[in-house]
Amino acid sequence: MPRSVRLHPERKPEVLRALERNGFLTQGQFASHIEISLSTVNNFINSRRVYVSKFEEICHVLGLEQQEMVKPLSDSIKIISKTQNDLPPVPLYACDDNWVGREKLVAELTEKLTDSFRLLLILGLTGVGKTALAERIALERPDWFGGNWQQGFIRASFDNPSQATDFLSTATQWLQAWGIKIPFSESQPATLLERVLDYLKHQQVLVLIDSLENLLSGNEEEGWGNFLDPWWERFFLGVLSAQSFVSRIIITSQELPLQIVQQRYAHFWHRHILMGLNEAEQEALFEITGFDIEAASSDKPLLMRLGKAYQGHPLVLRVVIGEIWESFEGDVAAYWEEVKSKIEDVERALAEAEADIKKAIGIDDNWKLHKLTFKVRLEVNRQRLRAAFDRLSSQVPDAYWLLCAASVYRTPVQVQGWLLQLANLVKRLEGKTCSEERQERALLELSYRFLVEEALDRNRKRVLGQHNLVRSLALERYQQLVESWKE
């Protein structure tokens with residue numbers, strides 16, 4: 001059960017009428033009467049989150065039905081909270097009533113799907129909001145498939161390790177959902193592929209395939225962007241090569257599926273690399289979750305420093321917000337005292353690197369962004385980020401070494417700097433020269449997994465860097481490697 005809840009914005013006039021009806025001329029008078037802080041009353045009225053107990057108390061005193069106050073007055077609202085009872089038939093795993101920003105991006109990607117693009121690939125770092133964005137796009141366009149969620153929307157999520165990843169299992173589930181019965185004697189991959197493709201070619205369906213990286217395999221020579229089950233490759237080839245195809249497919253992945261992004265079908269697929277929330281979106285997230293982010297508020301600068309340190313990473317910010325409410329009763333200053341030394345370490349290192357190029361290397365930095373608190377360690381590092389590192393380590397050791405070795409850089413540097421770190425590491429570890437081909441192959445693999453960020457410096461030269469969250473864990477792993485060499 002959630003610890004906090006907010007008034008639906010459409011209910012505000014009803015609350016103001018209740019205040020007047022009960023004889024309270026000002027919010028301050030009401031707050032004094034029920035012995036609740038004015039800021040809590042103000043947050044309640046302005047649809048910011050407050051503790052459930054406070055929400056219940058305010059509703060009780062004003063004679064309002066608590067359960068009704070969180071619901072819209074009409075059915076016109078498109079984004080519906082997962083905590084409410086009136087969920088749409090489409091299962092929402094990530095998109096909820098705390099969705100903020102990205103309106104322009106949603107509109108642009110929705111337009112791509114409406115046009116000739118059959119596949120939309122939403123790619124990026126774990127926890128950056130790929131699934132939520134995909135669900136938001138689906139919710140924006142129910143009219144595209146006539147609003148019939150049962151027939152017009154289908155999904156397959158592969159983030160659960162126990163989930164079957166073979167095409168045969170998924171195709172069987174889809175056909176059953178569409179009411180297509182296949183005799184057991186005909187339950188062969190080729191037959192199922194033909195039936196699924198035929199249905200998608202002629203029936204307007206929006207398909208969401210989540211966590212596609214768990215379907216991929218490969219080797220160091222050819223890369224890891226190929227499908228473990230070749231029938232998945234045939235499925236996507238059938239989607240892209242069909243003469244006509246009325247359905248649309250949204251894919252989320254932490255890794256680039258190389259067998260999909262073939263140039264000969266480039267006019268049928270579009271990819272978008274998703275980044276964190278910008279400053280305005282961070283402010284909106286803090287506001288919608290119940291914090292005071294007015295210009296004069298003492299909370300705002302502290303919250304924005306947290307947002308900047310994590311480069312707007314949605315998952316981390318939501319975990320932090322939850323901790324502030326659950327463990328610190330919404331007291332941002334108290335939470336800041338708990339974590340400020342770790343955030344200030346990051347701020348200090350970045351400021352030094354910005355002011356003096358000689359301090360761009362921080363091999364002894366001890367960043368702790370990936371384990372800021374217990375919740376961050378559990379929900380971000382242990383459950384998400386560490387899995388991506390471990391997968392990279394087992395599949396492509398050179399790329400893993402490169403990621404760890406390049407963490408010595410506090411800020412983005414030119415490509416040669418990254419490759420030099422790998423060359424030095426291989427020399428130290430294996431006692432031999434690391435070829436240019438080997439260096440470039442490792443770097444390419446990191447780019448396919450979105451663990452490296454590319455930009456142009458002031459001289460328009462290509463530079464590479466790491467997300468602050470990635471660098472935090474990579475530094476820890478690099479120092480562990482160094483210690484292992486000493487033994």
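On a 1 Å grid over the protein atoms alone, a cavity is a set of points where a 1.4 Å probe fits but cannot get out, whereas a pocket is an open set with protein on both sides within 12 Å along at least five of seven lines, and lining residues are those with an atom within 4 Å of a point. The structure described here is a predicted model, in which local features need pLDDT of at least 70 and side-chain atom pairs count only at pLDDT 80 or more, while totals for chains, interfaces and linings use all residues. Residues are numbered from 1 along each chain as its sequence is written, and side-chain values use heavy atoms, with hydrogens and water left out.

The second largest pocket has a volume of about 1100 Å³, a volume being the space filled by probe spheres set on grid points that are joined across faces, edges and corners. Its lining consists of 35 residues, and those nearest the centre are Ala353, Glu354, Arg410, Thr411 and Pro412. Helices H13 (299-309), H15 (332-355) and H20 (468-486) each give two or more residues to this lining, as do E10, E11 and E12; helices (H or I, at least four residues) and strands (E, at least two) are DSSP runs, numbered from the N terminus. H15 provides the largest share, five residues. By class, the lining comprises 17 nonpolar, eight polar and ten charged residues, where Ala, Val, Leu, Ile, Met, Phe, Trp, Tyr, Cys and Pro count as nonpolar, Asp, Glu, Lys and Arg as charged, and the others, Gly among them, as polar.

Three strands form an open antiparallel sheet in the order E10-E12-E11, and two strands pair if DSSP finds at least two bridges between them. The edge strands, E10 (413-414) and E11 (453-456), each pair on one side only.

| Strand pair | Bridges | Direction |
|---|---|---|
| E10 and E12 (462-465) | two | antiparallel |
| E11 and E12 | four | antiparallel |

Val463 in E12 stands opposite Gln414, and Val463 is also the bridge partner of Ala455. E11 and E12 form a hairpin with five residues between them, and in the turn Arg460 has a positive phi of about 65°.

Elsewhere, helix H9 (residues 167-177) has Phe167, Thr170, Ala171, Trp174 and Leu175 buried, that is, under 20% relative accessible area with a 1.4 Å probe and protein chains only. These residues lie on the same side of H9, because they cover an arc of only 130° around the axis, taken from the directions from the helix axis to the C-beta atoms. Just after H9, Gly179 takes a positive phi of about 80°.

Technical notes: Buried means under 20% relative accessible area, exposed over 50%, partly exposed in between (1.4 Å probe, protein chains only).
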